[in-house]
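Thanks for coming, everyone. Please have the sequence and the 3D view open. Let's start.

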Amino acid sequence: MPEQISFARGAPSLDIVDVEGLRAAADSAFRSDPAGMTAYGTAIGYPPLRAWIAEQHGVAPERVLVTNGSMQADAFLFEALVAPGDAVIVERPTYDRTLMSLRRREADVRMVELEQDGIDVAALERVLIAGTTPKLAHIIPNFQNPAGYTLSAEKRQQLPVLARAFGFTIFEDDPYGALRFEGEQLPTMLSLDGEVVVHASSFSKTVCPGIRVGYLVGPAELIARIVKLATSTYISPSMVSQAIVNEFCTSGALERSIETVKQALRERASTLCEALRRELPDARFVEPEGGYFLWLDMPKGTNVDALFAAAAERGVQFVKGSDFVLEGGEESLRLAYSGVTPEEIEEGVGRLAEAYRDISAGVPVRSG
């Protein structure tokens, strides 16, 4: 079997994780607050980290909840706001785990097309005027997973206005915002209207996935409701992980880590785009300005299911576009470039192009 090259997982490779910085942060945390970090704590999270996050967003600590990763923050928010049958707006395509979570809750998921500058706001407004009354609109504003697109400044202004007019909450799911390596940083929707926006983020992309620390920022009343859910779920999240993250952030290591990650992502995204232009010139994509992902639209008529199997035969993994929509997506795929070196990207795209040429020519894929 050829060496495996995975474009499937949105995670940084070990070479860009600040292991030494994390070791130093852990040592400092255990020395400075052994009682606080080894106790159960409370459902709000590790208080010093909660205060640091609140300061970063310019809000009171009562508006912040720190959780075991952002997926748990998402789950708490959905439990608080979404009942079976409730309408929820999501982008098309959107994060596959969000889709799974909402469908498990029996939500009425309404997909609105994603444009290169974010969700189609005009189409969303038509859906709302036609009578849909959503509880929530899930928006990934920066370097969207899976598409890699970013919500424009104009649309960041428009969405809270629609939320107020039609009485729904915007869920600003933003784990990638700090990872911009090209272009201008844009304001969060939370900073534009903190009453109709709940913001979520994570340290999985800026520190490391294994740390499992995420958070929510929202209206104090809603956060208080979610704290009760958290209390009944786990008493408290991991104080050890959160104390380490707090030391990592307050020591300045976070800024250094982000710069390291951004430099690597810039090089990897550039290498991926150059390789795709050379090896798959008929495929279409938007060059990312940050984040982990690139959405690839293959030439019309491409059978991505067959391409998936042919690529796997050559030791290359990706995620099919159909995983990120309720229906359709059969000619698209997502490539994550965060966990592969430039050399692996070159080799992987070459194998992917070979697989595409074979399925286009009707060469059968070997089974088993």
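Find Pro93. Leave aside its neighbours within four places in sequence. Then Pro93 is in contact with Met111, Leu114, Gln144, Pro146, Trp295, Phe324 and Val325. Before I go on, a reminder: this is a predicted model.

Where is Pro93 placed? Pro93 sits in the loop between strand S3 (87–92) and helix H5 (96–104). Is Pro93 buried or exposed? Pro93 has a relative accessible area of 9%. The cut-off for buried is under 20%, so Pro93 is buried. Now look across to Leu335. Pro93 and Leu335 are 242 residues apart along the chain. Their C-alpha atoms are separated by 14 Å.

Next, the aromatic rings. How many aromatic pairs are there? The count comes to nine. I'll show two of them.

Take Trp52 and Phe203. Their ring centres are 6.5 Å apart, and their planes are at 45°, so this pair is tilted. Trp52 lies in helix H3 (residues 47–57). Phe203 lies in the loop between strand S8 (197–202) and strand S9 (214–217). So the pair ties together parts that are 151 residues apart in sequence. Both Trp52 and Phe203 are buried.

Now Phe308 and Phe318. Here the ring centres are 5.5 Å apart and the planes are at 90°, so the pair is edge-to-face. Phe308 lies in helix H12, and Phe318 in the loop between S11 and strand S12 (319–320). This pair therefore ties together parts that are 10 residues apart in sequence. How accessible is Phe308? Phe308 has 31% relative accessibility, so Phe308 counts as partly exposed. Phe318 is buried, with a relative accessible area of 3%. Phe308 also has a charge over its ring: Lys320 lies over the face, at 5.0 Å from the ring centre.

One more point on rings. Ring pairs link Trp52, Phe203 and Tyr215 into a cluster.

Last stop: helix H13, residues 342–360. H13 has 19 residues. From first C-alpha to last, H13 reaches 27 Å, close to the 27 Å expected.

Which residues of H13 are buried? Among them are Ile345, Val349, Leu352, Tyr356 and Ile359.

What covers the buried residues of H13? The cover includes strand S1 (5–6), helix H11 (253–279), helix H12 (304–313), strand S11 (316–317) and strand S13 (332–336). After H13 comes Gly362, with a positive phi, near 80°.

That's my tour.

Methods: Residues numbered from 1 in each chain as written. Predicted model: local features only at pLDDT ≥ 70, side-chain atom pairs only at ≥ 80, totals over all residues. Heavy atoms only, no water. Helix = DSSP H or I, 4+ residues; strand = E, 2+ residues; numbered from the N terminus. Expected span 1.5 Å × (residues − 1). Buried < 20%, exposed > 50% of the residue type's maximum accessible area, 1.4 Å probe, protein only. Contact = heavy atoms within 4.5 Å. Phe/Tyr/Trp six-rings, centres within 6.5 Å; stacked < 30°, edge-to-face > 60°. Lys NZ or Arg CZ within 6 Å of the ring centre and 35° of its normal.
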